[in-house]
Amino acid sequence: MLIGVLDQSLEKSPFFDCAHRDGAASYIVLNHMFMPYRYGDQTEEYWALVNDATLWDVAAERQVEISGPDAEAFLELLVPRSLKSCAVGQCRYVVITDNDGYILNDPVLNRLDSDRYWLSAADSDLLLWAKGVACFAGMDVKIAEPEAAPIQIQGNKSRDIMVRLFGEKVADLKYYHLIETEFDGMPLMVTRTGWSGDLGYEIYLRDTSRAAELWDRVKEAGKPSNLRVTGPNTIRRVEAGIIAMRSDFPARSTPFHVGLERLVDLDKPVDFIGKSALRRIATEGVSWKLVGLEFEEGAATGEAAAFGGRVVSRDGVPVGRTTVVVHSPRLKRMIGYARIDAGASGLGTLLSVAGKSGDQRARVAKRPFFDAGKREPRR
């Protein structure tokens, strides 16, 4: 078994045995840890998320804790986005860039206290980067990986499940806010965040020895809401305009390449890492962009995955490649992302995508494709 062969170099989540027992069929590796990604049919899991609720093991989202008297100043150095408005109990989606402006990670920042933050990391060694910067920053900060293992409860009925577990104190938790609490003696952090574009929550278990207990209690609370154990749903995250490091954008990508320039505040007074490079790129522009693609009706929707990693052309001239293509059951068409030449990235530009079953026409479309105002996760 592959997992057994690689067990010495890759870690298993504290929830690994629970997820495996509940039918995890395939895994990806994130931050040197196995993460369950697929249990069954993606479309069925999509509807379970949209109509009911789903439970994910996302312990591979490693946490980087930054604490100490200079924690806020250190994060302003690390992050291009201004954090002045981020109060205790709030979360922010941020990017972390190197000196050339390239994205090293796009974590969610959680402010637990005035001098204590967690960065919930995407797939890169963020802990090592933060420790390296701290060595030369001359600031009074401590960088550590806390004991924490998150799970996500995502979907239409996720609030009902959370109220059964924690009572009314979570009912009014706002989007991108957090609380620290406990459940039967288990220390937890709960955030109203997630990787779905739907109403959802993350529960960060601080005592990983009780992972199986928490997992089973969540499942029990989820029974009246038809809770289903799944992995992150690719269809729904593409609909929501959520992008993934490595799969959607390569290592040499700046926020201006991938549509995350809103996370860069070039006017903030701090000389954050990558600021001069990002100022130059903002002026000069970029040679390629990550764009949304909306395929014409009648495209080979049953073969959406066959259009991932395929050549994209404009007027017969190759201009890039797709990164992911899915069939959206609600939009009733194929949608996806592509990295293409900036000159072909204008909204509405007609393109051709070379699939295994023939070329299909698509247009550059604005993302998110569904619920652009984020009404679902905010409700």
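Modeller: Ground rules come before the questions. Residues are numbered from 1 along each chain as its sequence is written. In this predicted model local features need pLDDT of at least 70, side-chain atom pairs count only at pLDDT 80 or more, totals for chains, interfaces and linings use all residues, and side-chain values use heavy atoms, with hydrogens and water left out.

Biologist: What makes up the secondary structure of the chain?

Modeller: The chain has 10 helices and 21 strands. Both are DSSP runs, numbered from the N terminus: helices are H or I with at least four residues, strands are E with at least two.

Biologist: Why is the chain called as compact as a globular protein of that length?

Modeller: The radius of gyration, taken over C-alpha atoms, is set against the globule rule, 2.2 Å times the number of residues to the power 0.38. The chain has a radius of gyration of 21 Å, and the rule gives 21 Å for 379 residues, so the chain is as compact as a globular protein of that length. Its C-alpha trace spans about 60 × 50 × 45 Å along the principal axes.

Biologist: What makes helix α4 largely enclosed?

Modeller: Buried means under 20% relative accessible area, exposed over 50%, partly exposed in between (1.4 Å probe, protein chains only). Six of the eight residues of α4 (residues 71-78) are buried, so the rest of the structure largely encloses this helix. Among them are Phe-74, Glu-76 and Leu-78. The buried residues of α4 pack against elements including β8 (108-113) and α5 (126-137); contact means heavy atoms within 4.5 Å. Over the chain, 56% of the 379 residues count as buried.

Biologist: Why is the pair of Phe-166 and Phe-183 called edge-to-face?

Modeller: Rings of Phe, Tyr and Trp (its six-membered ring) pair if their centres lie within 6.5 Å; planes under 30 degrees apart count as stacked, over 60 as edge-to-face and the rest as tilted. By this rule there are nine aromatic pairs. The ring centres of Phe-166 and Phe-183 lie 5.6 Å apart, with planes at 65 degrees, so the pair is edge-to-face. Phe-166 sits in helix α6 (residues 158-166) and Phe-183 in strand β12 (residues 178-183), 17 residues apart. Both residues, Phe-166 and Phe-183, are buried.

Biologist: How do you know that Tyr-176 is buried?

Modeller: Tyr-176 has a relative accessible area of 18%. The cut-off is under 20%, so Tyr-176 is buried.
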